[in-house]
Amino acid sequence: MDNLIKKLEEEAGLTEEQAVKAVVTIKNFMDKEGLKIDWGKFFNQKVDQYSDKAKELFNQLIDKTDNLMDKAREGIKDLGSKSGHFFG
């Protein structure tokens with residue numbers, strides 16, 4: 001699995017995060033399509049480690065997005081109260 005991640009980084013120009021997400025996406029797709037693959041053998045027992053890492057990265061992305069949305073909402077509220085002050 002490490003070799004595949006490294007190959008995606010070097011040959012496809014992906015970051016480690018992108019490479020991990022790509023591999024997890026392919027695995028999930030193949031599982032959903034019912035393709036029988038011995039993932040433990042294929043990835044040398046590291047699927048869960050990278051799947052967990054991808055989930056963690058995704059959760060971090062969600063947290064950052066939530067923080068940005070909160071800041072945007074506060075900015076809009078401030079703008080609304082200031083415009084009411086000028087025009088009210």
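At 36% relative accessibility, glutamate 17 counts as partly exposed, a class lying between buried (under 20% relative accessible area) and exposed (over 50%), found with a 1.4 Å probe and protein chains only. Before we zoom in, please note that this is a predicted model, where local features need pLDDT of at least 70, side-chain atom pairs count only at pLDDT 80 or more, and totals for chains, interfaces and linings use all residues. Residues are numbered from 1 along each chain as its sequence is written, and side-chain values use heavy atoms, with hydrogens and water left out.

**View A. The whole chain, for orientation.** The chain has four helices and zero strands; helices (H or I, at least four residues) and strands (E, at least two) are DSSP runs, numbered from the N terminus. Buried residues make up 16% of the 88 residues. Among contacts (heavy atoms within 4.5 Å) between residues at least 6 apart in sequence, 44% join residues at least 24 apart.

View B. Look for Ala19, Val20, Val23, Val24 and Lys27, which are buried. They sit on the same side of H2 because they cover an arc of only 130° around the axis, taken from the directions from the helix axis to the C-beta atoms. The face turned away from the buried side carries the exposed residues Thr25, Ile26 and Lys32. Just after H2, glycine 34 takes a positive phi of about 80°.

**View C. The glutamate 17 and lysine 21 pair in H2.** These two form a salt bridge, with the closest N and O atoms 3.0 Å apart; the term asks for a side-chain nitrogen of Lys or Arg within 4 Å of a carboxyl oxygen of Asp or Glu. Being four residues apart in H2, they are separated by about one helical turn. Lysine 21 is partly exposed, at 28% relative accessibility.

**View D. Lysine 7 and glutamate 11 in H1.** Both residues lie in helix H1 (residues 2–12), and their closest N and O atoms are 2.8 Å apart in a salt bridge. Lysine 7 is partly exposed at 45%, whereas glutamate 11 is exposed at 61%.
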